[in-house]
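Here are my notes for you, point by point. Keep the picture open while you read, and look each place up as we get there.

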Amino acid sequence: MRHVPFFRWVLTAGFALFACSVGLYATEPDAGLPATRQIDLAVVHEKADGTCRVRWTDPYAKKTREGPYHCDVGRSDLLKAPNYGDSRGYGWASGFMFTEGPDRGDLYDVDAGSEEDLSASDTLLLLGVLLILTGLVGGNLRALPRVLGVEARLVRRAIRLAEAAGWASEDHARAVDAVRDAGRRGELGAVPDPDLVRALWVLREAGPQARAVAATARKFAARLRPLLEKAAPAAGLSHRLRAGPAARAEAEAAVAELRRLLADAERHGLRERFAQTSVDLLRGQDADRAALAAGADFEQDPEAYRRLLEDLAPLEPAARSEPSRRRRRRR
């Protein structure tokens, strides 16, 4: 099933509404606070909750007016009656009076004004912010399972094991092929062919367990390669985020199988055995030194060389694993 970027569209819609709100604020000069100025108020009567009755001078009507107001409850007691030094026994408060429009001269009650209906720009702003938060939070929550499925370290361990298995299999196949090639050109007679003796010496130095290790390496490499391909989305965060639901499900199953194979390989020390077998099979690269060692060893036990050659003769050509991307330097 293809991934549908739902929260990405929610986030886009949120930014669009936010931009519309900003545009309305810019084109509506009356969208801000009304034109007012601060004036002194004589508090005629005041309740504990801040409900007051006040008097003020209306310069536009040129008279003293009286009406209800919401006084600041937290102002100092010295400004309240009877502590305030007003000859009439009133308290003092500060308020705002409209200076423009049909309400000019009336008091602007800040608390009452805050309860007015929201404008279109305010509504768009709130909806835009809500959608932006939904898109950000929802998108991150949706991506969380993909982020948690990253098993880069385990995949790297599996890659190293596959490389070691491939090298051991390739090196053993190369050593066996060298014996066959040399056997077609010479034999182990009274004057044995030095290339054949050297090729057999490499296998004798690796020991009889080299064949079993190489067979195990071929099996492990054949099992690990398809699993590593399926586990590719778990190899890193970027791969995981780009993968679809089906690929992530396959990756999780492949990672579980890789974990089991790695545990089995670690329990039997397979990676170390693969590496050691490769080292033992590479001894013949120094041709001069290997020829001297092989000649001396052949003189001590020529029958062992003949038996090894007979054992290799009926074998099918060793299966070579696919060349790995990176080959370690020959030692």
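1. Let's begin with Leu41, which is buried at 1% relative accessibility. The labels work like this: buried means under 20% relative accessible area, exposed means over 50%, and partly exposed is in between (1.4 Å probe, protein chains only). Leu41 sits in strand 1.

2. A word on what you're looking at. This is a predicted model, where local features need pLDDT of at least 70 and side-chain atom pairs count only at pLDDT 80 or more, while totals for chains, interfaces and linings use all residues. Residues are numbered from 1 along each chain as its sequence is written, and side-chain values use heavy atoms, with hydrogens and water left out.

3. Five strands make an open sheet in the order 3-2-1-4-5, with antiparallel pairing. Strand 3 (63-70) and strand 5 (107-108) are the edges: each has a single partner strand, so one side of each has no neighbour in the sheet. Strands here are DSSP runs of E with at least two residues, helices are runs of H or I with at least four, and both are numbered from the N terminus. Two strands count as paired if DSSP finds at least two bridges between them.

4. Zoom in on one pair. Strand 1 (residues 36-46) runs antiparallel to strand 2 (residues 51-58), and four bridges join them. Which residue of strand 2 is the bridge partner of Ala42? Arg55 is. As background, strands of a sheet pair through backbone hydrogen bonds, either parallel or antiparallel.

5. On to salt bridges, meaning a side-chain nitrogen of Lys or Arg within 4 Å of a carboxyl oxygen of Asp or Glu. The structure has 15 of them. One joins Arg157 and Glu266, at 3.6 Å from N to O. That pair ties together distant parts of the chain: Arg157 belongs to helix 4 (residues 152-185) and Glu266 to helix 8 (residues 245-268), 109 residues apart. Arg157 is partly exposed at 34%, whereas Glu266 is exposed at 58%.

6. Arg260 and Glu257 meet at 2.6 Å, N to O, and both lie in helix 8, three residues apart, about one turn of the helix. Arg260 is partly exposed at 45%, and so is Glu257 at 24%.

7. Glu303 is partly exposed at 44%, and Arg306 is partly exposed at 25%. Elsewhere, salt bridges with shared partners link Arg53, Arg55 and Glu66 into one network.

8. Last stop: the surface. Arg153, Arg156, Arg160 and Arg271 form a positive patch. Helix 4 gives the most to this patch, with three residues. Arg271 is in helix 9 (residues 270-281) and is partly exposed at 40%. For the rule, patch residues have over 30% relative accessible area and no salt bridge, and like charges are joined within 9 Å.

Definitions and conventions
Patch = residues over 30% accessible without salt bridge, like charges linked within 9 Å, V, L, I, M, F, W, Y side chains within 5 Å. Areas by Shrake-Rupley, 256 points an atom, 1.4 Å probe, with all protein chains shown as cover. Lys, Arg positive; Asp, Glu negative; His and termini not counted. Charge placed at Lys NZ, Arg CZ, Asp CG, Glu CD.
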